[in-house]
Amino acid sequence: MKRQNDELRQEELEELNKGLKDALDQVPIEEEEHLKEFQAVEEVPEEEEEQPQKKDSPLRRKKKSTRIATGVLVGVLAVLLICVGVFAGLRNAGKNSLIAGDDINITAPDIEGADISVENNGDLVVYNGQKYCYNHNIITVLCMGIDKRQEETEDNELNNGNGQADTIILVAIDSETGRCSLINISRDSMVDVDQYTVDGNYAGTDKMQLTLAYTYGGGERNSCRNVAKSVSNLFYGVPISSYASINLSAINVLNDAVGGVEVQVLEDLSAADPELELGATVTLKGSQAETYVRSRDAYSGDANSNSLRMDRQKQYLSSFARKTLEQTRADLTVPLTLFDVASSYMVTDLNAARVSYLVSLVNKIGFEESSFVTVPGEAVVGEEGYAEYNVDDKSLYEMILDVFYEKTE
């Protein structure tokens, strides 16, 4: 498959690989201690991708099971970004291009009963009497999982088969402390979306599901930037440093590339796969990975019925991260190999310098399940019969203050 990422060229990967040997002497021993308890398992072959089914509804309507698969896939992408440059060292060029600097323009919502004042374009906020200063050390990377199998839409002039951003995760890293937050944003969040024709002409802005910012963004890089703009607007102007999108078809490839992922089954899925009984310990191989993270009763009628499935997604991603780190300790080229495999399915503006700097920061504290947070809100069925996610403005803004700001006197 032709590489979609024209930034991470082969020579850049070779440059990182060449530096691995010299970097061994620079890695503190304590940063490797958390890798000792894990064991590798054998590799299995890639499973064939399921063929799409014809849809008779607009692009806003799609199979809910696909969303969770891309959710895990985007999390895996975030893990690879964290792991691939662990031993490459700091890159000043990467740091300078990722940190937003002093030029910000962050606003605040109008929340009933809350006392909010914003000064210096959002650099200083007073919220219910507490002062907050924007943390200019924060670096953000928007990770997206793209599903191109649902290509039918009422607006073919705008879509052109771009697909949808099924899952959106905003990775926020403090370049001073290494603190990393993975913020899960619902694809159905109702936001303002810019729309472009297949020729790149602006066609207007409407409020719709966030997933459609990719569909109507003009394709690949332009679509990634369009989603980044909508996410930044949703977060009241928080700057997005960089982006990376990955195609859904990569999930089986990456799962099998690490030899499968071991989980203790959280929910009885034996109807879909006899091995996936509640409480069983299973090394997911091939199509089992998709089955484990996608299966649910799509016709239950409960808008929040995917909570158990989201727990499985989080469990799978954490296990994948530990497995990757464990294998990296035995073979330092593993992250580069995985990232090279993922690059065939990716579109990103991250280059070797940015990745190297980025992951060296996260390596300060490692990868924990507690790093995951979700934009708060309520899932409902809209007037037109499509899923909509109404973000809780108050709770979202408090999350923004917690992640992107620091309390001050």
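1. Arg 187 sits in the loop that links strand E6 (180-185) to strand E7 (190-196); strands (E, at least two residues) and helices (H or I, at least four) are DSSP runs, numbered from the N terminus. This is a predicted model, in which local features need pLDDT of at least 70 and side-chain atom pairs count only at pLDDT 80 or more, while totals for chains, interfaces and linings use all residues. Residues are numbered from 1 along each chain as its sequence is written, and side-chain values use heavy atoms, with hydrogens and water left out.

2. Arg 187 is buried, at a relative accessible area of 4%. Buried means under 20% relative accessible area, exposed over 50%, and partly exposed in between (1.4 Å probe, protein chains only). Thr 167 is 20 residues away from Arg 187 along the chain, and their C-alpha atoms are 5.7 Å apart.

3. An open sheet is built from six strands in the order E12-E9-E4-E5-E6-E13, with mixed pairing. Its edge strands, E12 (346-348) and E13 (372-374), each pair on one side only. Two strands pair if DSSP finds at least two bridges between them.

4. Strand E9 (residues 242-247) and E12 run antiparallel and are joined by three bridges. Ser 245 has Val 347 in E12 as its bridge partner.

5. Helix H11 (residues 334-343) is mostly covered, with seven of its 10 residues buried. Among them are Val 334, Pro 335, Leu 336 and Phe 339.
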